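Take a moment with the sequence and the 3D view before reading on. We will start with charged pairs and then work through the rest of the chain.

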Amino acid sequence: TPSSTTSEAVVSTQSTGGYYHGNEHHDDNEVGFVAARIADKIVENCETGCLLIINNTLLNHLATELPFRVFHPIRSTDRIDWKEGDKPRLQFGERGLARGPEIMKTHLYRSLVDMDHHYDNVRCSWDNGALNEAVKLFSESLPVSQEE
């Protein structure tokens, strides 16, 4: 596995809606130059784009806390700064988060095709249809909770 994971996030219209980045070093969870620059370019063409930074230190604790931070662009006349947003709300709440380790054990993430994979082999579809279907089936299998 690569020591640094980067890829574009895809929205349902198949346009790039943001960027997620995992820093190479385990204790580095900040927005670096490369991540900011790629996200800047995305936001130039997608005004509502965002940046997700994977918090490496939380990957072992998926059942208790989200392992990423969300940043939104703040534009000035000559540059874009990235400000951390509020904690994201999960579509399936705590019951979905608690199932995170179960999903990790299936190694579904190994079938994720990002743009680097697509550029290496254009037959690899970065729309991740099979992976999206697996996530859909997983989400439909979650028990319904009264508090959500």
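**Charged pairs, core and surface**

The count of salt bridges comes to four, where a salt bridge is a side-chain nitrogen of Lys or Arg within 4 Å of a carboxyl oxygen of Asp or Glu. This is a predicted model, in which local features need pLDDT of at least 70 and side-chain atom pairs count only at pLDDT 80 or more, while totals for chains, interfaces and linings use all residues. Residues are numbered from 1 along each chain as its sequence is written, and side-chain values use heavy atoms, with hydrogens and water left out.

Get the layout first. The protein chain has five helices and five strands. Both are DSSP runs, numbered from the N terminus: helices are H or I with at least four residues, and strands are E with at least two. Along the sequence, the order is β-β-α-β-β-β-α-α-α-α.

Now return to the charges. Side chains of opposite charge can pair when their charged atoms come close. E30 forms a salt bridge with R69, and their closest N and O atoms are 3.7 Å apart. This pair links distant parts of the chain: E30 sits in the loop between β2 and α1, R69 sits in strand β4 (residues 68-75), and 39 residues separate them.

R69 also forms a salt bridge with E84, with the closest N and O atoms 3.1 Å apart. R69 lies in strand β4 and E84 in strand β5 (residues 80-84), so this pair ties together parts that are 15 residues apart in sequence.

Which of these residues are buried, and which are partly exposed? Buried means under 20% relative accessible area, exposed means over 50%, and partly exposed lies in between (1.4 Å probe, protein chains only). R69 is buried, with a relative accessible area of 17%. E30 is partly exposed at 49%. E84 is partly exposed too, at 40%. Salt bridges that share partners join E30, R69 and E84 into one network.

Another salt bridge pairs D81 with R79, with the closest N and O atoms 2.3 Å apart. D81 counts as partly exposed, at 30% relative accessibility.

Look next at N29, in the loop between β2 (16-22) and α1 (33-45). N29 is buried, with a relative accessible area of 9%. What does the side chain of N29 make a polar contact with? The partner is the side chain of N55, at 3.1 Å. A polar contact is a pair of N or O atoms within 3.5 Å; within protein, one must be able to donate a hydrogen and the other to accept it, and residues adjacent in sequence count only if both atoms are side-chain atoms. Leaving out residues up to four places away in sequence, N29 touches several others, including I53, N55 and R69. Contact here means heavy atoms within 4.5 Å.

Next comes the nonpolar core. In soluble globular proteins, nonpolar side chains tend to be buried together. A nonpolar core is a set of buried Ala, Val, Leu, Ile, Met, Phe, Trp, Tyr and Cys residues joined through side-chain atoms within 4.5 Å. The largest one here has twelve residues: Y19, A35, A36, A39, I42, V43, C46, L51, I53, F71, I80 and W82. The elements that give two or more residues to this core are α1, β3 (50-54) and β5. With five residues, α1 gives the most. F71 is one of the members. Beyond its neighbours within four places in sequence, F71 is in contact with residues including L51, I53 and W82.

What about the cysteines? The count of disulfides is zero; a disulfide is a pair of cysteine sulfur atoms within 2.5 Å. C50 counts as partly exposed, at 22% relative accessibility. C124 is partly exposed as well, with a relative accessible area of 27%.

Further along is N132, in helix α5 (residues 129-141). N132 is partly exposed, at 45% relative accessible area. The C-alpha atoms of N132 and L112 are separated by 9.5 Å, and the two residues are 20 apart along the chain.

Finally, step back to the whole chain. Buried residues make up 31% of its 148 residues. Among contacts between residues at least 6 apart in sequence, 47% join residues at least 24 apart.
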